[in-house]
Amino acid sequence: MRSVLLAVVLVLLAPATPVAAAGPPAAEAEPAPVERAERKPLPKLKVTTVVRHLDHPWDVKTLPGGALIFTQRDRATLSVFKRGKVRRVAFPRRSVWVSGETGLLGLEVDPDFRTNHRIYVCQGGFTGNGGHDVHVTAWTLDKRLRKARMDKVLVGGFPTSSGRHGGCRLLVTSDGSLLVGTGDAAQGTNPEDLDSLGGKTLRLDRFTGAPWPENPFAAESGPRRYVHTYGHRNVQGVAERADGTLWSIEQGTFRDDEVNLLVNGGDYGYNPVPGYNESVPMTDQSLPGKQVRARWRSGNPTLATSGGGFVDGAKWGALDGALAVACLKASRVLFLTFDDPGKLKRVRAPRVLRHYGRIRQVTSAENGDLLVTTDNGGRRDVILRVSPR
Ligand SMILES: [Ca+2]
Ligand SMILES: [Ca+2]
């Protein structure tokens, strides 16, 4: 506990100092756009509690028109918040396998929701032989947002064990693919095994579920056709920057939570074998081939980073373009500023977001405000709206 507090204090004392920067070798000159960005004022933040009395709200997204839609992990519910009221969406809760860190998880809204009413969820599930998996399904909501009808299991068979390290985050990217971040199920061989869908980011066609044609192994056979990047531990956040680059947020072992810039076909270097050997590095350069270094890491101990997304809008001043990262254990939101090539420039952790306990997810609302979910359990969880004053 003492070491956790120490890490928290370090971040608190040094909000403007890169923490354990792990970018590429510092050969390049400081690009001008970042220098300009740093002169913008840091906005004062207003935090409003939007929804109360929740349990582990795992993901929240905005629907066109401003309603919110969110999942709760253990209750396995899908709900809509509209005109001040929360309403359950009729959804087959019994189809969700809930165990440990697994249940109803990531949620994404189709960019064409206005016309197709489609959403995507990631959930623990039951397989025919009495086993479990984690899988991604597409659903259509009715016009009144009361009922969800399943269209298709897009991809499944992600490994599971006790429910630990179940992942699983979803993002429709600007080129229309569905990006999926998965957990390694706390099984050591999964991250580096190209034919296990655990410990990966995956890309697929969001309508057919087919592997995305640009995937590095798309022309081969088997599960590896879905793999975009591999060698991850537990991807709990995926985000796209305004320039189209894709990023992951990952939980470390006892050290080194990571933010990674995703490179198609990249190996992110986690190989906790034999068994589930968590003493190995989060990015082990001694593995065969090249391992991609993290763009930010927590050092020792971890902050338990979870979801996150890029902040978008001039009203955010110096935080415009930063990656907002939810922290469970450290109970805060980090704002990481990277320059154009992806080198870490600043870490900020506003005080006003340190009073809500564990933070699970940060996403953007329609008007650029941030939506934040907490992860404390016992009907104490909330969804917050954060906006610059
Ligand atoms: Ca790594
Ligand atoms: Ca190597």
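## Sheet E6 to E9

In this predicted model, strands E6, E7, E8 and E9 lie in that order in an open sheet of four strands, and their pairing is antiparallel. The edge positions are taken by strand E6, residues 104-109, and strand E9, residues 148-158. Each of these two has a single partner strand, so one side of E6 and one side of E9 are left without a neighbour in the sheet. From one strand to the next, the twist averages 25 degrees.

Strand E8 covers residues 132-141 and is joined to E9 by seven bridges, the two strands running antiparallel. Within this part of the sheet, valine 134 has phenylalanine 158 of E9 as its bridge partner.

## Sheet E18 to E21

Another open sheet is built from four strands in the order E18-E19-E20-E21, again with antiparallel pairing. Strand E18 (305-310) and strand E21 (344-348) stand at its edges. Because E18 and E21 each have a single partner strand, one side of each lacks a neighbour in the sheet. Here the twist from one strand to the next averages 25 degrees.

Leucine 336 stands opposite valine 347, a residue of E21.

Notes
Residues numbered from 1 in each chain as written. Chains lettered and ligands numbered in written order. Predicted model: local features only at pLDDT ≥ 70, side-chain atom pairs only at ≥ 80, totals over all residues. Pairing = 2+ DSSP bridges. Axes fitted to C-alpha atoms, helices over the stretch in contact; angles between N-to-C directions.
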